[in-house]
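Please examine the sequence and the structure shown here before reading on. The briefing that follows treats aromatic rings, charges placed over rings, and annotated segments.

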Amino acid sequence: MFTLAEVASLSDIQPTYRILKPWWDVFMDYLAVVMLMVAIFAGTMQLTKDQVVCLPVLQSTVNSRVQPDTAGKADFTTVETTTGQEEASMRTVSFAPTATPDILSRATSSQYPPTESDQELKKEQKDSSGRKTNLDFQQYVFINQMCYHLALPWYSKYFPYLVLIHTIILIVSSNFWFKYPKTCSKIEHFVSILGKCFESPWTTKALSETACEDSEENKQRLTGAQSLPKYVSTSSDEGSPSASTPMITKSGFKFSADKPMIEIPSVTILDKKDGEQAKALFEKVRKFRAHVEDSDLIYKLYVGQTVIKTVKFIFILCYTANFVNTISFEHICNPKVEHLIGYTQFECTHNMAYMLKKLLISYISLICVYGFICLYTLFWLFRIPLKEYSFEKVREESSFSDIPDVKNDFAFLLHMVDQYDQLYSKRFGVFLSEVSENKLRGISLNHEWTYEKLRQHVSRNAQDKQELHLFMLSGVPDAVFDLTDLDVLKLELIPEAKITAKISQMTNLQELHLYHCPAKVEQTAFSFLRDHLRCLHVKFTDVAEIPAWVYLLKTLRELYLIGNLNSENNKMIGLESLRELRHLKILHVKSNLTKIPPNITDVAPHLTKLVIHNDGTKLVVLNSLKKMTNVAELELQNCELERIPHAIFSLSNLQELDLKSNSIRTIEEIISFQHLKRLTCLKLWHNKIVSIPSSITHIKNLESLYLSNNKLETLPAAVFSLQKLRCLDVSYNSIAVIPVEIGLLQNLQHFHITGNKVDVLPKQLFKCVKLRTLSLGQNCITSIPDKVSQLLQLTYLELKGNCLDRLPATLGQCQLLRKSGLVVEDHLFDTLPSEVKEVLNQDTGIPFANGI
């Protein structure tokens, strides 16, 4: 026996799931509970009350002769019974001693039956308390039990249990999608996230700010800009961002080129704990969306169980309609036990028939209502595409115009929630918006990075400029723009960097670094940067990450681009036009180019320095170099060049050429450098050069020659005919002898021959009295001549890694040499006389310079 509480628990769903129960599901649950009550009530009545009560049909001989066809029916007195007790029926019918078959045969074989009046008279005299049936109590009980199974239709007996089984199936069908392993985890996660999003303080703050944004906007338009000194652009409209320029377009705030505006400050400061919880919610929603949108299992399961309920309703209605009339009050029973009781036919009454029929009609009514609701549910499921959900209405009502539409199970769950309360979806949409997430990050960021904290991170760089480096933040703190004396700003790995109009306060800012930071700028901020920024460093992974406003900075002097400039398959260069960079003087490109981008020729007329670091990719097409007639410095490093490019010989204004880290083996083309009258510095280091041609003498104005890290074995005399040579670097080769002609270089100030095979220093070396730097380390030198004292301007002397056993005492006569500029082993330094060591240990304050 089930109690009502136990049965009701079958349809009990956790209270948190109520938001996924639309009105029809709730109504069907209540109908299922009522049907359970019907089943339990009917079953209880069947168990506690009499099943059937049967009386024998007495057949008179008259009736048997006259109406043999009605022998199965007989008059009988009305029997009054009480619930569940056979004794009550015995009080209305008197029983005679058990009749024997002989008596019965004699009674029925009488040829002269009494007349009707005589029969009535005998009845009143001998059987005045009832008709004699010749049955006792036990026989009645036997007949009642037997006829209950033989005469009573099966539907009358099992109707309550069928109702119970059907109702349980319907309840299971209604709640199966909450319990199925493939769906319950998603539903639990969704309900949990939805509840947190609904109750999150950030949701309330975001929606409240949206609600009051329109009214605040007008007020801030009038008064907001006056809180900052206006920046008026001195440039013409030429170079202004076009309509396609990706400036920040904020809903509610627009900035003009001559009237910078500021953002509305937050009305309230979100608690730090609440802010962290909101950040976690954004991440959870993002991951949950990716997980749930990949399938539509929940939708299919819900549709399937609704179809099952509908089919179940049709099945129940069909067979119930057929059997409803079998529940009747009267039943004829032929138990075929005449040899035990002497009667062949009994008329039975089902005393619960009336009540059960009423309960059955009630059940049919309930199941009809249930079925119509199922049909409505199917209509709702197929009326609109429930695997798509649009936040269009929310986007129209709020400033979060970027809330994405969702699909599959995510969309279906939101449709279900809308049936409970559409406010849930509206509040949930806040956590699907990147604008909302960025606002939250901005509030948290500004709360953490105050002006005082940023001031502590300001440092001075090598150029003695005030520099601030921000790394891996969620955005740019507003307080950054209050550092008005800042010279250099570095932003690295900040994906949502936004430069606002407040940057116009930073009048000293001239250098900006954007490392993997596709910064967005407001229009007024762009106007300021366009007229004030002088140096820009952009590091990127793909060329599309370069902000479009970079190409419009017409006062920019230096541009450094580090990243992949080639598009897919390296077939074309993705760099946009540099035509607007009219004042660009220095262009530094570190990429993997196969040819020089043709867009670089846009700045060729005024470009003075071009640097290309190619990271090992072979640079083939160099014809564009011919157009850069004003380039004074050219660096082509790590470009896998095998020879000196001929295009370089057309650069008549070239002063410095650097071909470092290539694969150059021969430099016979160096003779063509005679046409480059202004060439003073030639860097061919880190190549594979084996010899220096004598034609190098034609570069008469050469002052610096760098040939380190090559494969030279000798130094030709032609090198020492370059009278203007001030710096010669042949370190890390295989040179064994320093030619005596080195004494001809009277202007030589820096000589580097470290990492070779030199064992003897010629005396002519010390005729180069202007030497300030002399690097002789890692050779095979056994002694240093005393004539080293002639190098009165020597400030740096490297001797470490040789075969020396002592140092000459004449080192003390090198007036500018100090211990910090003397690179030797400690034990060699100790061989010097004490007075020499004292001289070398003196601090004259002269800065050291090695000339490299």
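**Aromatic pairs**

Across the whole structure, which is a predicted model, a search finds 28 aromatic pairs. The pair of F176 and Y180 counts as tilted, because the ring centres are 5.6 Å apart and the planes stand at 35°, whereas stacked planes would be under 30 degrees apart and edge-to-face planes over 60.

- F176 is partly exposed, with a relative accessible area of 37%.
- Y180 is also partly exposed, at 29% relative accessibility.
- W177 and Y302 form an edge-to-face pair, with 5.0 Å from centre to centre and 65° between the planes.
- W177 belongs to helix 8 (residues 154-179) and Y302 to helix 12 (residues 297-323), so this pair ties together parts that are 125 residues apart in sequence.
- W177 and Y302 are both buried.
- A cluster of W154, Y155, F159, F315, Y319 and F323 is linked by ring pairs.

**Charges over rings**

- The charged end of K660 is placed over the ring of W685, at 4.9 Å from the ring centre.
- K539 lies over the face of Y515, 6.0 Å from the centre of that ring.

**Annotated segments**

- According to an unreviewed UniProt entry, the feature "transmembrane region" is placed at residues 27-47, 158-178 and 360-382.
- Residues 27-47 are 100% helix and 0% strand, and the C-alpha atoms at the ends are 30 Å apart.
- Residues 360-382 are likewise 100% helix and 0% strand, with end C-alpha atoms 33 Å apart.

How values were computed:
Residues numbered from 1 in each chain as written. Predicted model: local features only at pLDDT ≥ 70, side-chain atom pairs only at ≥ 80, totals over all residues. Heavy atoms only, no water. UniProt positions renumbered as here; feature names shortened; annotations may be inferred. Helix = DSSP H or I, 4+ residues; strand = E, 2+ residues; numbered from the N terminus. Phe/Tyr/Trp six-rings, centres within 6.5 Å; stacked < 30°, edge-to-face > 60°. Buried < 20%, exposed > 50% of the residue type's maximum accessible area, 1.4 Å probe, protein only. Lys NZ or Arg CZ within 6 Å of the ring centre and 35° of its normal.
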